[in-house]
Amino acid sequence: MSNWKKRLEAGALALVALALAAVPYCPAAGGGDRQALGEAKIPAGPYVALTFDDGPRDATTPVLLDGLAQRGVRATFFVIGENVEGNELLLQRMEGEGHQIGLHTYHHKMLDQLNAAGFYAEVDSLRATLTALVGREEFMLRPPYGMMNAATQTRAAAPIVLWSVDPEDWSDRDTARQVSVILDNTQDGDIILLHDIYPASVDTALQVVDALMSKGFHFVTVEQLFAIRGKTPENGKVYRKLPPEE
Ligand code: NI
């Protein structure tokens, strides 16, 4: 059995149940329509995963974590190794509050430009850093800029998570525009890309959470989304979203 399969069966399903139990019941999510998932009863959805790249940053990430905690929302953070340095307690806070932590390389390198030694220096060093901090070894990988090739997939030793909704928050720091793009484009199973290093993006994220929760969306981590869909992530495979089965 793969590590991911074990992790989802042992941990993430329980996390899904706990996370959703903390979310107020919302009639917009389909009235009393609930489906059984293993032993856990979870709402039928819709579901969405917020993901944050390039952090952590001590000036912005704690504000985001506070806002997510107030709303009972879990998210996924693809962190950069050099930004973890000095922010180790922030990483442990993320893990402790039920967020998912993933790999975004040690120095934000384009993985398709690296030879094998370069790849392992960027990815395995961050994996080792995170393992030392949070005590586990399974981390999904998001390549910087989404740049990757066949060698990246072979070397990853991790599921590769891209995204399906991208407001390009780095381009203008305009919260109103970003919120509008996300609300116009988000459907059940989407993976939203933001960056927790900009104050405007933190505002965007929290406004999007409030708006989509009022429409009945539930916010989950990427691995919770896999668990909800009954799918086991595979190392080297690329995922952009996890819509419900047709
Ligand atoms: Ni990045």
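Reply: Angles under 35 degrees count as roughly parallel, over 145 as roughly antiparallel, 65 to 115 as roughly perpendicular, and the rest as oblique. Such angles run from 0 to 180 degrees between N-to-C directions, and the axes are lines fitted to C-alpha atoms, for helices over the stretch in contact. Helices are DSSP runs of H or I with at least four residues, strands are runs of E with at least two, and both are numbered from the N terminus.

The model is predicted: local features need pLDDT of at least 70, side-chain atom pairs count only at pLDDT 80 or more, and totals for chains, interfaces and linings use all residues. Residues are numbered from 1 along each chain as its sequence is written, and side-chain values use heavy atoms, with hydrogens and water left out.

The residue to start from is leucine 64, in helix α2 (residues 61–71). Leucine 64 has a relative accessible area of 0% and is therefore buried (under 20%; exposed is over 50%, partly exposed in between, with a 1.4 Å probe and protein chains only). Leaving aside residues up to four places away in sequence, leucine 64 touches Phe52, Phe77, Asp196, Val202, Ala205 and Leu206, where contact means heavy atoms within 4.5 Å. The C-alpha atoms of leucine 64 and leucine 206 lie 7.6 Å apart, although 142 residues separate the two in sequence.

Now the helix pair. Two packed helices are described by the angle between their axes and the distance between the axes. For α2 and helix α8 (residues 199–214), the angle is about 10° and the axes are 9 Å apart. The two helices are therefore roughly parallel to each other.

On the α2 side the contact involves Val63, Leu64, Gly67, Leu68 and Arg71, which meet Val202, Ala205, Leu206, Val209, Asp210 and Met213 in α8. By class, this contact has eight nonpolar, one polar and two charged residues. Here Ala, Val, Leu, Ile, Met, Phe, Trp, Tyr, Cys and Pro count as nonpolar, Asp, Glu, Lys and Arg as charged, and the others, Gly among them, as polar.

As for the setting, the chain has nine helices and nine strands, and 52% of its 246 residues are buried. Of the contacts between residues at least 6 apart in sequence, 74% join residues at least 24 apart.
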